[in-house]
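Follow the strands first, then the helices that cover them. Keep the structure open as you read.

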Amino acid sequence: MSGAARIVSLLPGATEIVCALGLSDRLVGISHSCDAPAAVRDRPRLTRPRFSPAGRSSGAIDAAVRHALRAFGGVYEVDAGRLAALRPDLVFTQGVCQVCAVPVRDAERAAAALPGVAVVSLDAHDLEAVLDTVRTVARAAGVPRRGDTLARTLRRRLDRVRAELHGVSRPRVLALEWLDPPFVPGHWVPEMITLAGGDVLRGRAAHPSFAVSWDELEVLDPDVLLVMPCGFDLARARAEARRYGSRLARVAPRAIRAGRAYALDASALTSRPGPRVVEGVELLAALFHPDRRSARRHDHRAYILGNSDLDGGDGAG
């Protein structure tokens, strides 16, 4: 691929990688959910969801997603006309989850009539694959050395966390990536928790996240609770924790009493297969082992959920 490639990213993680590689000047179009870095938010938006998630609870979003899949076969629309007008050489999409972002099938359909365009699917399922994704983006954009350099830098940061936490006592961690129905984590997130010095109670690395019942969760009583709904920023994660507060209080009473129940900015730290998952590992390490690491520089990404946050919510709405 030529170094002058015009790039479209339909995946927030890919947008962040493109910019981390110093290629933001080549980014001519993005998805509706690409919001980082702030400097690219003015680029043309080429996708939209088939429903507005604003103000909806986890349960309402889940129902709307299921309806969109039944009625339309997909959750998102791609503006093929606008895509064509941008004349991209390279389109990044994904095949990991048809709910989280535009799937490769829809991107290929929208780009089918464009001459010479390459559609590249980024399908990371674990941390190693996230680092490989950085290299894949760089190779496709014609800057492979930049990808190797960035991947090595990210790996050194992960290795530093691993070395610092060698031999620590691991808290038992329950992470929830959705609340109605409750989902426990998959793909790279269980690895993030393990690398950060935690013991994952439910979830499976390198596999999709999956739904469990509240009854299953209520017997776990973890040392640490993480409320990190996929794609939610910190404000929405806090609001969602309050909405389902009474259920969370039954699931993690010890963590709440100890001040070890947290809402996280999942969009920034855990949901996206891009460079900021490393920041997510560093934050989790600070939360799990505050005696080993300082969480101060990450305070804006996590919020301690106390009894006042979790009293009374019942998941309605």
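Strand 7 (residues 172-176) and strand 11 run parallel, joined by 2 bridges. Val173 stands opposite Val200 in strand 11. Strands pair here if DSSP finds at least two bridges between them. Helices (H or I, at least four residues) and strands (E, at least two) are DSSP runs, numbered from the N terminus.

The model is predicted: local features need pLDDT of at least 70, side-chain atom pairs count only at pLDDT 80 or more, and totals for chains, interfaces and linings use all residues. Residues are numbered from 1 along each chain as its sequence is written, and side-chain values use heavy atoms, with hydrogens and water left out.

Which strands does strand 15 pair with, and in what sense? Strand 14 pairs with strand 15 in the parallel sense over 3 bridges. Strand 16 runs antiparallel to strand 15, again through 3 bridges. Ala263 links to both sides: its bridge partner is Val227 on one side and Tyr303 in strand 16 on the other.

Strand 15 is covered on both faces. Ala261 and Ala263 are buried on one side, Tyr262 and Leu264 on the other. Buried means under 20% relative accessible area, exposed over 50%, partly exposed in between (1.4 Å probe, protein chains only).

Contact means heavy atoms within 4.5 Å.

Next, Glu16. It sits in helix 1 (residues 12-20). Glu16 is buried, with a relative accessible area of 8%. Its side chain makes a polar contact of 2.8 Å with that of Arg276. Such a contact is a pair of N or O atoms within 3.5 Å; within protein, one must be able to donate a hydrogen and the other to accept it, and residues adjacent in sequence count only if both atoms are side-chain atoms. Leaving aside neighbours within four places in sequence, Glu16 is in contact with Ala36, Arg272, Pro275 and Arg276.
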